[in-house]
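Good morning, colleagues. Please look at the structure on the screen while I take you through a few of its parts.

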Amino acid sequence: MDSILVRGNGALSGVIPIAGAKNACLTLMPATLLSDEPLTLTNAPRLSDIATMTQLLQSLGAEVASLQDGLVLAMSSHSISNFKADYDIVRKMRASILVLGPMLARYGHAVVSLPGGCAIGARPVDLHLRALEAMGATLDLRDGYVHAKAAGGRLKGAVFEFPFVSVGATENALMAATLAKGTTILKNAAREPEIVDLARCLRRMGAQIDGEGTSTLTIEGVDRLGGATHPVVTDRIELGTYMLVPAICGGEVECLGGTLELVGAFAERLEAAGVSVTQTNRGLKVSRKNGRVRAVDVTTEPFPGFPTDLQAQMMALLCTAEGTSVLEEKIFENRFMHAPELMRMGAKIDVHGGTATVTGVEKLKGAPVMATDLRASVSLILAGLAAEGETVVSRVYHLDRGYERVEEKLRACGAHIERIRA
Ligand code: EPZ
C-alpha cells in the first residue's frame, strides 16, 4: 500500500486545475443503461472509483471506452446481457447501487447486491428501495441481494416524499422516473450540483424533467431515451479541498473552473475565518490575509449547506485557527475518524457523538498518520502541508478514489510532497 510523504514548506502559491466531479460522474455513468444509444461523458475525472464503475457496467454487458487519457468515457448499453450487479464489485463502492434504478426502468428487472456499510457509517439504501417501490417495483431482499421487478414490466409514475434528503436515493429515483409510465413527483429531493448535472444530462437524452436544484423534481416519463454527449460538472469537493491550501499554509492559489455557486456555504465559512475568496474569469482565487485564521463553527447539511465531504478538510484548518471551533456532523454517524490522526500531529480535538470541539494550536507537528476514508486522507495531507517537519500518510488508496494527481497539483504550488510506493 502506497504512502504519501509531506514536508511543511511555508506558504504555497500557484494555479490548480479542478477536475470533473467524482460524485457527478458516478451517477452519470449508470445513466447509459437507460438508452440503447451512445452516451459520452467529457471532463471525466481519472479516479479509481471511475474505474470501479467502469468494471461494474462492463460486467453487465455495457461498453465503456476510456479515451483521451480517461477524460472521455464513451459508453453504450445496446447489448446488456447480465442484470446482476455482483457483491464483489458493489462492496468496493457504494455508488454501485445507482445501476438499480436505470436497469429496472429500462428492462423491468434487476438484481443488485446490497452495498453494505463503510467506514463513515451504515449507509443503508432503504430510501432508494422505498422510492422505487412507490413506482411499482417489487423488491425481494435475499442472500444479500435486492431482486427487483417492475410490476407489469414497466415502472409507473408516482408521488414520493423523501423523509430526509438523500443524494443517491434522489439520483436512483430520478433516473428510474425518466422511463416510468406517467408523471413522477419527488419531494424533499436532494439539491446538490451533481443532481442538477444529472438532470441536464438526462434532458439531453430526451428526458422531461423540471425542478432540478430545488426540493421538488417533476418528471414526465417517456418511452425511450436517446444518446448524448455531456460534460461532467466541476468537482466542488476537490475545489473546496484545494481552496484550503492557502488557507492553512498561507499564500495564494487560483482554482481553475471553480465558481462560488458550487461552494457558497463553504466559501462563507472560509471568509468568516479570515480567508479571502475572489471569483476570477478563470476560477476562484483564494488567499489568506496575514497570520492565523480565526476559529469558526461549522454544521454539515445537505446542499446548499456546508458539505459533509469538506468537514474533515475544514477541521484540519481549524486545528491551527486562533480560538475554539465547534464542528457538527449531521449527515453521517461516524465521520470524525480523522480526529485521532490529527491529534497525533498535536491537534486539540474533543469528540462527543456528532460534535467535535477544536481548540486551535500555533503549529501542528509532522507525524506518521493513517488514512481511514477518502476525505480523511486529504485532510491529513492538508495538515501535513502546514505542519513542522515530516508527515507520512499511509493507506492512500483511499485518496486515489477521489483525487487525481494530488502530488502533481500540490507540487505546482511549491509543496514538498512525494508518493512512497509500497
Ligand atoms: C453521496 O453519498 C456522496 N457519494 C457522498 O460522498 C456524500 O457524502 C453524500 O452523498 C452526502 O452529500 C456519491 O455521490 C457517490 P446520502 P450517498 O444518501 O448518496 C442516510 C465522498 O466522500 N441514508 O445523501 O450515499 C445515509 O446513511 C462521498 O465523495 C439512509 O439512511 O449519501 C447518510 O447518513 C462520501 N438511507 C444520509 O442518509 C438511504 O436509503 C445521507 O446519505 C440513503 C441514505
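Predicted model: local features only at pLDDT ≥ 70, side-chain atom pairs only at ≥ 80, totals over all residues.

Helix 4, residues 100-107, is largely enclosed by the rest of the structure, because six of its eight residues are buried. Buried here means under 20% relative accessible area, exposed means over 50%, and partly exposed lies in between, with a 1.4 Å probe and protein chains only. Helices (H or I, at least four residues) and strands (E, at least two) are DSSP runs, numbered from the N terminus.

Residues are numbered from 1 along each chain as its sequence is written, and side-chain values use heavy atoms, with hydrogens and water left out.

Which residues of helix 4 are buried? They are Leu100, Gly101, Pro102, Met103, Leu104 and Ala105. Their cover includes strand 7 (109-113), strand 8 (137-142) and strand 9 (145-150), together with helix 5 (126-134) and helix 6 (167-177). Just after helix 4 comes glycine 108, with a positive phi of about 85 degrees.

Let me turn to arginine 419, which belongs to strand 24 (residues 416-420). Is arginine 419 buried or exposed? Its relative accessible area is 18%, so arginine 419 counts as buried. Its side chain makes a polar contact with the side chain of aspartate 400 at 2.8 Å, and another with the side chain of aspartate 2 at 3.4 Å. A polar contact is a pair of N or O atoms within 3.5 Å; within protein, one must be able to donate a hydrogen and the other to accept it, and residues adjacent in sequence count only if both atoms are side-chain atoms. Leaving aside neighbours within four places in sequence, arginine 419 is in contact, meaning heavy atoms within 4.5 Å, with Asp2, Ser3, Ile4, Val396, Asp400 and Glu407.

Finally, the chain as a whole. It has 14 helices and 24 strands, and buried residues make up 58% of its 422 residues. Among contacts between residues at least 6 apart in sequence, 73% join residues at least 24 apart. The C-alpha atoms fill a box of roughly 65 × 45 × 40 Å, taken along the principal axes.

Thank you; I am glad to take questions.
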